[in-house]
Amino acid sequence: VLVTTYLIPFYGVVTLSLKSMNELSSNYWGIPRDPIFENFKSAWSYGLAGVGKYLINSFKMTIPAVIISVFFSALLSFAITKMNFRFGNLIYYIMIFGLAIPVQILVIPIFYILNSVHLYNSIAGLVWVHSAIGIAFCTFILRNFMKSIPDELLESAKIDGCNMFNIFFRIILPLSITGIIVVTIFQFTFIYNELFFGLALTADRDVFPVTVGIAVLKGEETLAIRWPVQAAAALIASIPTIVLFLALQRYFMRGIMAGAIKE
Amino acid sequence: VVTLKRKRKLDLNPIWFSAPALILYASMVVYPLIFTIFISFFDWRGVGYERKYVGISNYIEVFKDPVTWIALKNNVIWMVVLLVIPTILGFFIAILLEKSVRGEWFFKGAFYIPGVISLATTGVIFSLIFRFRHGFISEFLDFLKLDFLKVDFLGSTTLAVFATIAGAVWQQTGFNMVLFIAGIRGINVEVLEASYIDGANSTGTVRYIVLPLLTPVISIVVIFNLLVALKSFDLVILMTRGGPFSSTQVLALLMYQTAFGKQLFGPSAVLGILIFILCACFGIFYVRQLQKLERG
């Protein structure tokens, strides 16, 4: 019973998105008698709702931001766990502190900085912001994963003549692969779903990420973009993260536990 | 001498590994954080305008504004609701799922999927649920021939807040459930078996054995929910934009609107600092709790 009530919103949205306005007035709750894909078409097309374009923007923003934040954080975590770094612990505590900062409060300076380097209203600007913000979380998780790698492994690699770069790429990265996957999927979900900075830092539909696109759609209800179209747009927008979740469910659960329970 | 030289060349300084991340982090987190505090003492009406030092008058202005207090009150309502409902629901679902094994992954997925979709999407879905004309609830009441019960949730100054929170409850429950499942898995099976042997029934086991052992997880869940409540923004801007008559306003949205609607950067920074201080209080409380638990 619980599951059913929990899933009603999904059922409602899916059936709604498959019905025409006419069918809605006569058959609101039933399974669509004559499913139409008009709503999805209007949601997708750039002339109307434009979710197709927004989705591409979202990927252009999310993928580089995830790669940058995960890779840089991996380097940093390596430095602070395995390299005898004097400031290692200090950096780690700064990162924990960073996790507690409500990032929304950074928005005015960020807006100002991006404006002055002409990256306001650009995907590159969003990549910069999201990859920087992601570092605290990624370092927090990756540091814990890397800490569990035994030091003896590195010692023997050093004796065999590996330099630190080789050690990083040949030993550390492969051994902390679970951690890398966990932070990658979490970063992807966070950044893809982010709305606040998207709204504040973009101004026209050529660069809108999909969350902003949906928010704008929701705000301007026109004759062509009625709410069944909004429902379709919302569904399209949620496909990537749901697919990611279903494919990597195991890692999601593990990540939540690693992030919350370990510390 | 030769070997020494070679060794130095190979042993890279940790600075080179940490510099990219640290520079990036400083540019978009550390520097803006300091800058926000700086702005809060200035009168600044948008990029391209001059900044004028005004002391603490931004702070006075913000605390005099009744809307700030409405937003604060709503954030408290958010916190109370999120503190109670998803925590309890998540706990019971976790207990139920851990008992019955069949189809467990399907149920877990079903509860967790709302947690991976964006709050923007959830906002659209919950607007469709609560809207007056052809909303799910309205139509359902029509269907039951109870149309006299129909309420315009999103247009009501008392109910709209709860409509916006509903989406967060829907999302947060699955996340809490996963945390509880992790916690329950961590409990030693032998402890549970011992309690059964001693004649405890299952309610008793849950009440006296599982709950106390889960205290650390519970405190984590609670803190997470409180932080979510303090940062709430997406659902409110999607569903009501803070209206009607600011009745659903929350601090983060007010901050956003003050900065990008009214171009009042100073007061907006003050609101940001207010959110920060509130979050920091819970953060400190959280660390204290953890330390207490570790000590015994």
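## Terms and model

Helices (H or I, at least four residues) and strands (E, at least two) are DSSP runs, numbered from the N terminus. This is a predicted model, in which local features need pLDDT of at least 70 and side-chain atom pairs count only at pLDDT 80 or more, while totals for chains, interfaces and linings use all residues. Residues are numbered from 1 along each chain as its sequence is written, and chains are lettered from A in the order in which they are written.

A:Ser17 lies in helix H1 of chain A, which covers residues 2–17. With a relative accessible area of 0%, A:Ser17 is buried, a word that means under 20% relative accessible area with a 1.4 Å probe, protein chains only. Leaving out residues up to four places away in sequence, A:Ser17 touches several residues, including A:Ile36, A:Phe40, A:Pro228 and A:Leu235, where contact means heavy atoms within 4.5 Å.

## Where the two chains meet

The contact between the chains takes 81 residues from chain A and 85 residues from chain B. Together chain A and chain B bury about 7600 Å², 82% of it on carbon and sulfur atoms; buried area is the accessible area (1.4 Å probe) that two parts lose on being put together, summed over both. A:Tyr6, A:Ile105 and A:Ile108 supply 10% of the area that chain A buries against chain B, more than any other three residues.

On the side of chain A that touches chain B, the largest share, ten residues, comes from helix H13 of chain A (residues 227–247).

Definitions and conventions:
Side-chain values use heavy atoms; hydrogens and water are left out. Buried means under 20% relative accessible area, exposed over 50%, partly exposed in between (1.4 Å probe, protein chains only).
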